[in-house]
Amino acid sequence: SMKEQEDLRFVECVLLIRDAQDKAAFAELFKHFAPRVKGFLIKSGTDASMAEECAQDVMATLWHKAHLFDPTRASVSTWVFTIARNRRIDMLRKQRRSEPDELTWGPEPEPDAADVMELQQESTRLVQALAELPDKQRDLIQKAYFGDLSHSEIADETGLPLGTIKSRIRLALEKLRHVMK
Amino acid sequence: MENIKHHINDGLLISYAAGSLSEAFSLVVATHVSMCDACRVRLEAYEAVGGAILTDTPESDSTSDVTVDLNATLALIDAGEKAPIRVHHTKPGLFPSALQSYVGGDLDSVKWRSVGMGVRQAILPTSKDASVRLLHIPAGCAVPDHGHRGTELTLVLQGAFRDEFDRFGPGDLEIATEEDEHTPVAEAGADCICLAATDAPLRFRGLVQRIAQPFLRI
Ligand SMILES: [Zn+2]
Ligand SMILES: [Zn+2]
């Protein structure tokens with residue numbers, strides 16, 4: 001599908017930045033992601049000028065950390081989301097963000113093309129699954145990610161369609177078992 | 001770790017993925033995930049949901065000029081090249097690196113203070129909306145009987161404890177809420193080291209503990 005092609009192209013762009021400091025590839029990612037990151041930060045309670053500044057920071061971080069991106073474990077959208085989220089914690093709450101230890105195997109310099117393809121397809125399916133949810137359920141999930149629900153509210157929220165997320169988790173589990181074999 | 005039986009629940013894991021969990025609770029979640037592959041996979045899945053939401057987020061109805069912003073960002077990148085990002089390395093030990101960075105090292109760097117009855121604690125510096133501490137409970141000893149006003153997370157790093165609900169060994173996370181009252185007792189054989197976070201003060205039943213509580217900040 002077109003969406004899948006787009007996700008794979010984004011992966012290619014990050015690898016071009018990593019390997020060749022390719023500014024055209026960066027411009028391509030910037031055009032897609034910068035306005036979305038800005039929109040995401042505004043939805044999470046940041047004012048417009050701060051969101052603008054942070055979106056630029058997030059994109060600059062993407063450039064500097066391109067070597068840490070692992071396309072067999074995340075889509076570019078997911079990776080950018082985690083950078084934007086950490087920047088938001090840093091800026092709005094002035095708090096440190098604890099991260100789990102990195103896996104010892106780390107990103108491969110030449111990731112297996114089939115693994116990349118599979119992960120990117122899964123991500124595309126997840127976007128579709130979210131889009132197909134009833135409005136009320138999608139709103140709740142968005143609220144959780146914009147930081148508008150507490151952890152106990154999320155745990156209580158019987159309306160949260162965790163089934164959708166859990167099928168994605170099942171796939172991820174199978175994948176991890178495969179990697180660890 | 002293979003034998004972990006008690007994991008992070010969905011509410012906590014989604015909040016952590018979304019970035020809305022308190023600093024103290026985030027440290028406990030990051031430490032558990034460092035020890036637990038099953039929760040790492042769940043976390044990556046919840047982060048993927050965040051990615052899907054970002055994809056779905058409408059572009060800001062931007063009054064700014066994308067070309068100008070791109071050039072400003074490229075200038076930012078050039079400035080950043082001159083000041084490379086510092087990478088923080090920690091030595092492998094009992095504590096995952098997130099915890100080591102709060103302690104300033106591994107188990108041997110913890111500055112313990114006695115809280116009585118043989119139990120020792122070290123409060124770690126975080127923002128005030130929740131607190132987190134390391135607890136050292138000697139083998140066979142108990143943490144005084146208490147209830148909870150909010151949520152308490154207790155992650156076992158070494159040894160094991162039992163309470164009214166179950167047994168918790170290395171990597172296990174107990175989530176106690178307002179309804180739960182318990183007396184955790186360290187198993188015989190090895191001292192128990194835990195990382196415990198609360199978003200409200202505990203409720204002790206014993207009079208001595210209630211009097212000492214403000215001084216111990218527990
Ligand atoms: Zn777990
Ligand atoms: Zn307790």
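1. In this predicted model, the site of the zinc ion (ligand 2) is irregular, with angles of 88 to 143° among its four donor atoms. The classification follows because four donors count as tetrahedral if all angles lie between 85 and 135 degrees, and the range found here extends to 143°.

2. The donors themselves all belong to chain B: the zinc ion (ligand 2) is coordinated at 1.9 to 2.1 Å by NE2 of B:His146, B:His148 and B:His182, together with an OE atom of B:Glu152. Along the sequence these donor residues follow the spacing H-x1-H-x3-E-x29-H. Within this set, B:His148 in strand S4 (residues 146-148) and B:His182 in strand S9 (residues 181-182) are 34 residues apart, and the pair links distant parts of the chain; both residues are buried.

3. Turning to the interface, the contact involves 65 residues from chain A and 64 residues from chain B, and the two chains bury about 5700 Å² between them, 63% of it on carbon and sulfur atoms. On the side of chain A, A:Arg96, A:Tyr145 and A:His151 contribute 13% of the area buried against chain B, more than any other three residues.

4. Helix H5 of chain A (residues 113-131) has end C-alpha atoms 27 Å apart, which agrees with the 27 Å that its 19 residues should span at 1.5 Å a residue. Its N-terminal end is capped by A:Asp112, a side-chain oxygen of which lies 3.2 Å from the backbone nitrogen of A:Ala114. Buried residues in H5(A) include A:Val116, A:Leu119, A:Leu126, A:Val127 and A:Leu130, and also among them are A:Asp115, A:Gln120 and A:Glu122.

Key:
Residues are numbered from 1 along each chain as its sequence is written. Chains are lettered from A and ligands numbered from 1 in the order in which they are written. This is a predicted model: local features need pLDDT of at least 70, side-chain atom pairs count only at pLDDT 80 or more; totals for chains, interfaces and linings use all residues. Side-chain values use heavy atoms; hydrogens and water are left out. Helices (H or I, at least four residues) and strands (E, at least two) are DSSP runs, numbered from the N terminus. The expected span of a helix is 1.5 Å times one less than its number of residues. Buried means under 20% relative accessible area, exposed over 50%, partly exposed in between (1.4 Å probe, protein chains only). A polar contact is a pair of N or O atoms within 3.5 Å; within protein, one must be able to donate a hydrogen and the other to accept it, and residues adjacent in sequence count only if both atoms are side-chain atoms. Donors are N, O and S atoms within 2.8 Å of the metal (3.2 Å for Na, K and Ca); water is not among the atoms, so sites may look incomplete. Four donors count as tetrahedral if all angles lie between 85 and 135 degrees; four count as square planar and six as octahedral if opposite donors are over 155 degrees apart and all others between 65 and 115; anything else is irregular. Contact means heavy atoms within 4.5 Å. Buried area is the accessible area (1.4 Å probe) that two parts lose on being put together, summed over both.
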